[in-house]
Amino acid sequence: MYHANPSPSSPCSVTPLQLARSCQRKFLSLGRDLQSETLKKMAKKRDRRVAPTSNRPKERVESSTQQDQVDDSASSNRRLIIIFVFFFIVSPAISVLVYSIKFAPPRTESGTDSYVFQRGLIKPDMDYYEILTEHTKVSENSTHRHYTYPVLAYITPWNSRGYDLAKRFNSKFTHLAPVWYDLKSQGSSLVLEGRHNADMGWISELRKTGDARVLPRVVLEAFPKELLTKKKQRNKAINLIVSECKEMGYDGIVLESWSRWAGYGILHDPNMRSLALQFIKQLGHALHSVSSERSLQLIYVIGPPHSEKLQQHDFGPEDLKSLADAVDGFSLMTYDFSNPHSPGPNAPLKWIRSTLQLLRGTTSNSVRTLGRKIFLGINFYGNDFILSGDRGGGAITGRDYLSLLEKHRPIFQWEKNSGEHFFFYSDDVDNRHAVFYPSLMSISLRLEEAHKWGCGISIWEIGQGLDYFFDLL
């Protein structure tokens, strides 16, 4: 894991108390200087004082001079009191107020208004019994949105629970992406496979109860060299996708191709990379040009960089800027940081921040303003890693996770650097395991992070999560 750059809203290291004490020290010194100067002035006035005589007019002069001195002294004391009150009370209070406004992290509504927050469940010190007894309890108001930026949710055919959760919490989402389609090469032609997965009854029910857009995911598996270099192939692919959207009544698509193109090695070639970007633009403009009740959208899937610096095949700030007009959102896969060969947290917060910084860049204001089009990836699945022997393990769903809690009754640990909960257990043959699975605390932190950057979120995938996760959305 590498160190990330701080996020735009990272708080200053100076605390309100340190600011206040610094002000006090500074203005205490100033107060002593003012007092010393006042005493010097009074001494000078005493030296200029008229010597007393028995003469009555001169006595009146001396009496008047003494009264002036008393008045001057009282006036100086009042000024000192006002100065000290201002600098010791008013100024520190203003400093604390300015600090709290400028450096306090932005709070999403989900932090204080959600049902799970009101029940005190968002915390680092959780236990297995609390999860087992609370995870099915959700707010009666399942339509209220706490996270106000876009929320895209993936649904997979092999996990039918996601379809039910999409209907139940429909109003929490702005985009729903069922994983249905693949665009493949077939000889010298192309074919769009997956219509048999489409559930039109489910879409109809969704539209009766909410406004979420339905954009099926399309994975571009066609041979990229033929697809991108031949105009006829490009047009064929775009026509297949646009026609399917029109015939099936979809609101657009989620396209996944960049990681596959990188796997084929074509993104190292500047000419091929340019053709790849041109294809995405052409598809986006074709979808936008379709006449319908609301324009069809294109969400594009992008992966995180695999090192501290962007590599030639990585999707970066210039790509983001280039596609800004043609693409309505970028689904950023900020998960799968660890694997069985290198077990650990699924999506460390420092890594998330570094990924966003690399993607947004540091020089172009126009790129930094595109944060609203980035949908930060949040995993609703976990991992069960085998730590002993040959290692191994893999992804687990909420159902698997609950079974482990019931069987092993583990003690949770909170890893604050990554912002994730985990626990250990030993299986029936004494293999040591480490389990990382999302918690209310870890999800809440990622929502706050996304909110700081002005990002939407994309969830992979909702059927693998626990019911009370949706109270945060």
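Modeller: Let us begin with a definition: a pocket is an open set of grid points with protein on both sides within 12 Å along at least five of seven lines, and its lining residues have an atom within 4 Å of a point. Helices and strands are DSSP runs, numbered from the N terminus. Please keep in mind that this is a predicted model.

Colleague: Which element gives the largest share of the lining of the largest pocket?

Modeller: That is α10, with 3 residues. Both α10 (258-264) and β11 (392-396) supply at least two residues each.

Colleague: How much space lies in that largest pocket?

Modeller: The space in the largest pocket comes to about 630 Å³. Its lining is made up of 28 residues, and those nearest the centre are G303, P304, M333, Y335 and D336.

Colleague: How does the lining of the largest pocket divide by class?

Modeller: There are 16 nonpolar, 8 polar and 4 charged residues in the lining of the largest pocket.

Colleague: Which element gives the most to the lining of the largest cavity?

Modeller: The answer is α16, which contributes 3 residues. At least two residues each come from β9 (374-379), β13 (420-426) and α16 (440-453). By class, this lining has 7 nonpolar, 4 polar and 2 charged residues.

Colleague: And which residues line the second largest cavity?

Modeller: The second largest cavity holds about 60 Å³ of space. Its lining consists of L121, M126, E130, I131, E134, S439, L440, M441 and Y468. Two or more of these residues come from each of α5 (128-134) and α16. The most comes from α5, with 3 residues. The lining of the second largest cavity divides into 6 nonpolar, 1 polar and 2 charged residues.

Colleague: Let us change topic. How many aromatic pairs does the structure hold?

Modeller: It holds 27 aromatic pairs. In one of them, the ring centres of W261 and F279 are 6.4 Å apart and the planes stand at 75°, so this pair is edge-to-face. The pair links distant parts of the chain, since W261 belongs to helix α10 and F279 to helix α11 (residues 270-288), 18 residues apart.

Colleague: Are W261 and F279 buried or exposed?

Modeller: Both W261 and F279 are buried. Another aromatic pair, Y401 with F423, is tilted, with 6.4 Å from centre to centre and 40° between the planes. Here too distant parts of the chain are linked: Y401 is in helix α15 (residues 398-408) and F423 is in strand β13, 22 residues apart.

Colleague: Why does Y401 count as buried?

Modeller: Buried means under 20% relative accessible area. Y401 has 1% relative accessibility, so it counts as buried. F423 has 0%, so it counts as buried as well.

Colleague: Y401 lies in α15. Which residues of α15 are buried?

Modeller: They are G398, Y401, L402, L404 and L405. Looking down the axis of α15, these buried residues fall within an arc of 155°, so they line one face of the helix. R399, E406 and K407, on the other side of α15, are exposed.

Colleague: Which elements do the buried residues of α15 pack against?

Modeller: They pack against α5, β10 (382-386), β11, β13 and β14 (432-436). Just after α15, R409 has a positive phi of about 45°.

Colleague: And which residues are buried in helix α7?

Modeller: In α7 (residues 200-209), the buried residues are W202, I203 and L206. Down the axis of α7 they fall within an arc of 100°, so they line one face of the helix. Their packing partners are β1 (151-155), α6 (161-168), β2 (175-186) and β4 (213-214).

Conventions: Residues numbered from 1 in each chain as written. Predicted model: local features only at pLDDT ≥ 70, side-chain atom pairs only at ≥ 80, totals over all residues. Heavy atoms only, no water. 1 Å grid on protein atoms, 1.4 Å probe; cavity = no way out; pocket = protein on both sides within 12 Å on 5 of 7 lines; lining within 4 Å. Points joined across faces, edges and corners; volume = space filled by probe spheres on them. Helix = DSSP H or I, 4+ residues; strand = E, 2+ residues; numbered from the N terminus. Nonpolar A, V, L, I, M, F, W, Y, C, P; charged D, E, K, R; others polar. Phe/Tyr/Trp six-rings, centres within 6.5 Å; stacked < 30°, edge-to-face > 60°. Buried < 20%, exposed > 50% of the residue type's maximum accessible area, 1.4 Å probe, protein only. Arc of directions from axis to C-beta. Contact = heavy atoms within 4.5 Å.
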